[in-house]
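The sequence and the structure come first.

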Amino acid sequence: TTQAFIDAYEAAYGETPDGFSAQGYDTVNIVLNSVLSAGTTDSAAVAGQIGAIRDYPGLSGFDMSYNDQKEMDKGIYVFQIQDGTFVSVN
């Protein structure tokens, strides 16, 4: 999905997306999925769905979950360059 996002972003905007682009993409999808799960746009219902997110597979991180302080905890992707290509080290 990451490569599809990069390809679509480059096609639409003529530049390579950065980390903020990935965070924005994750944010919009989290809100959209939460509205769909809640079946309403009522802010309390949507907030409840967002707060219940666990192990969300985002572009800007993995295993994304909201904690009790309403902060997003997420794993960070770490890459290493080997023979001229990026290789995941997590």
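What percentage of the 90 residues of the chain count as buried? The share is 23%, where buried means under 20% relative accessible area, exposed means over 50%, and partly exposed lies in between (1.4 Å probe, protein chains only).

## Basis of the model

This is a predicted model, in which local features need pLDDT of at least 70 and side-chain atom pairs count only at pLDDT 80 or more, while totals for chains, interfaces and linings use all residues. Residues are numbered from 1 along each chain as its sequence is written, and side-chain values use heavy atoms, with hydrogens and water left out.

## Overall form

The chain has 3 helices and 4 strands, in the order α-α-α-β-β-β-β from the N terminus. These elements are DSSP runs numbered from the N terminus: helices are H or I with at least four residues, and strands are E with at least two.

The radius of gyration of the chain is 15 Å, whereas a compact globule of 90 residues would have one near 12 Å. This radius is taken over C-alpha atoms, and the globule rule is 2.2 Å times the number of residues to the power 0.38. Along the principal axes, the C-alpha atoms fill a box of roughly 50 × 30 × 15 Å.

Contacts (heavy atoms within 4.5 Å) can be sorted by sequence separation. Of those in the chain between residues at least 6 apart in sequence, 20% join residues at least 24 apart. The accessible surface of the chain is about 6300 Å², and carbon and sulfur atoms account for 55% of that surface. Accessible areas come from the Shrake-Rupley method with a 1.4 Å probe; for residues, only the protein chains shown count as cover.

Helix 1 covers residues 2–13, 12 residues in total. From first C-alpha to last, helix 1 reaches 16 Å, close to the 16 Å expected at 1.5 Å a residue; the expected span is 1.5 Å times one less than the number of residues. Just after helix 1, Gly 14 has a positive phi of about 70°.

The whole structure holds 3 aromatic pairs. Rings of Phe, Tyr and Trp (its six-membered ring) pair if their centres lie within 6.5 Å; planes under 30 degrees apart count as stacked, over 60 as edge-to-face and the rest as tilted. Phe 5 and Tyr 9 form a tilted pair because their planes are at 50°, with ring centres 5.8 Å apart. Both residues lie in helix 1, 4 residues apart, about one turn of the helix.

Phe 5 also pairs with Tyr 25: the centres are 4.8 Å apart and the planes at 55°, so this pair is tilted. The pair links distant parts of the chain, with Phe 5 in helix 1 and Tyr 25 in helix 2 (residues 19–38), 20 residues apart. Phe 5 is buried, with a relative accessible area of 13%, while Tyr 25 is partly exposed at 39%. Ring pairs join Phe 5, Tyr 9, Tyr 13 and Tyr 25 into a cluster.

## Ser 34 in helix 2

Ser 34 lies in helix 2 and is buried, with a relative accessible area of 3%. Leaving aside residues up to four places away in sequence, Ser 34 touches Val 46, Gln 49, Ile 50 and Ile 53.

Strand 1 (residues 62–66) and strand 2 (residues 72–75) run antiparallel and are joined by 3 bridges; strands pair if DSSP finds at least two bridges between them. Ser 65 stands opposite Asp 73 in strand 2. The two strands form a hairpin with 5 residues between them, and Lys 70 in the turn has a positive phi of about 65°.
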